[in-house]
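Let's take a friendly walk through a protein model. Have a look at the structure below, and then we will explore a few of its parts together.

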Amino acid sequence: MLRIIILLGLSLPLALLSQESSKPNIILIMADDLGAETLGSYGGESYQTPHLDQLAAEGMRFTHAYATPLCTPSRVQIMTGKYNFRNYKGFGILDTGEKTFAHYLKEEDYQTCVIGKWQLYGNERQYELAGQHGSLPEEAGFDDWCLWQVKERGFRYKSPTLSSKKSGTRTYEGAYGPDLFVDYAKEFMENNQDKPFFLYYPMCITHDPFLPTPGEESFDAYDPEERRNDTTHFGAMVSYMDVLVGRIRKQVEELGLAENTLILFTGDNGTDRKVISSWKGKRIQGHKGYTTEAGTHVPLIAYWPGKIATAALNTNLIDFTDFLPTLMEAAQTENAVEGDGLSFYPQLMAQEDSVRKWIYCSYSPNWGKFQPTTYAQTHHFKLYADGRFFHLPDDPAEKFPLQPNKLGAAGLESYMLLQAVLGRYKGMITQTD
């Protein structure tokens, strides 16, 4: 049964009864290190996010969307639609042999552009660990790009070093990287408004270092080489991230493209572990890098006026393999898509269709202190390959494993389902993964 709630008093637009003949534009925005607890529309109480809250109020908000706990695994998964054991080579690496959503959409005559954080070509240490270098944006299917950390790192915020198709790699003294990305995106949309386009925006913000944003008194004075470990400016960064999303939406509307543009917003993993936020009266500490709720539960908002009903609440499970088939169904393709995901496009259209009963994660980041692990979960229960079993509503931090021989009927049913899911993929995971 489709688990979507549409608030009373709001009816479906008539435009839902017919599909546009032209392919829609697609914009996918993914914030960096942003758990669901940070947004006001999700019950967050610490930060101001009016643009995203409005997007959720006028579109569909998903309550059970899950990423992997760390950036590269999530980015490889969302771009290829495959679980990481199939194609993850190492941190900071996207295998050049992988077909991404940009490749697929180019085949459907989309103009493709990526702005923001790349970090998929790798550095010398990452080459050594993975045994190979990664992908350049053009190798990943993008016609145009403006990115931080392709081959050179530099800074991502003030005085950033960016690489673009038009200007090569250069440093923009005194400018703010996130602003330059959105400026580039606006020009891309304007130049391609008469043809279908795909804009992918993996944001740099709100990743640390937590530094002043434009408009704060200390912005002009601070040195971008300064490293800060405190979270003083995290709230301002969340608010500025929200402003950037508002700028993109405004450009879509000013170009007259809103009714033919699907906008999706999510986060790549949980919030930084240094950050403690207030959520529904509780204190939530970010748990990026770890497989708990605070490390993997991310926001997902879908907006498409005239197509997606306003104030729609979707309680279905979504994981990052689901984005590729969803984008392709939105693009009205009849071509086959390889991958592990399940399209949630019919859910956006409030149509009865198949939905997930579980999500799966093979997590082997090969980076830092994070240990490889595999798990599967339902809405309420989570089973790890090593046998640990948790009831998530009562134990989101996963401190109290349940004993299978002491489960009630619902717990036992979920345990058996998740055992079957883990068994389904166990033989496919090689020793090197």
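## Strands side by side

How many bridges join strand β16 to β17? Strand β16 (residues 381–384) is linked to β17 by three bridges, and the two run antiparallel. Here two strands count as paired if DSSP finds at least two bridges between them. Facing F390 in β17 is K382.

Before going on, a note on the model: it is predicted, so local features need pLDDT of at least 70, side-chain atom pairs count only at pLDDT 80 or more, and totals for chains, interfaces and linings use all residues. Residues are numbered from 1 along each chain as its sequence is written, and side-chain values use heavy atoms, with hydrogens and water left out.

## The open sheet and its helix

β16 and β17 belong to an open sheet of four strands, ordered β14-β15-β16-β17 with antiparallel pairing. At the edges are β14 (359–363) and β17 (389–391), each of which pairs on one side only. From one strand to the next, the twist averages 15°.

Helix α11 (residues 409–426) lies across β14, β15 (373–377), β16 and β17, at about 40° to β16. Helices (H or I, at least four residues) and strands (E, at least two) are DSSP runs, numbered from the N terminus. Axes are lines fitted to C-alpha atoms, for helices over the stretch in contact, and angles run from 0 to 180 degrees between N-to-C directions.

Helix α1 (residues 50–57) and helix α7 (residues 234–254) have axes that come within 7 Å and cross at roughly 55°. That makes α1 oblique to α7; angles under 35 degrees count as roughly parallel, over 145 as roughly antiparallel, 65 to 115 as roughly perpendicular and the rest as oblique.

## Aromatic partners

Rings of Phe, Tyr and Trp (its six-membered ring) pair if their centres lie within 6.5 Å; planes under 30 degrees apart count as stacked, over 60 as edge-to-face and the rest as tilted. The count comes to 29 aromatic pairs. In one of them, the ring centres of Y176 and Y240 are 5.3 Å apart and the planes stand at 85°, so the pair is edge-to-face. Y176 sits in the loop between β7 (168–171) and α6 (177–191), while Y240 is in helix α7, so the pair ties together parts 64 residues apart in sequence.

Are these two buried or exposed? Y176 counts as buried at 3% relative accessibility, and Y240 counts as buried at 14%. Buried means under 20% relative accessible area, exposed over 50%, and partly exposed in between (1.4 Å probe, protein chains only).

Notes:
Contact means heavy atoms within 4.5 Å.
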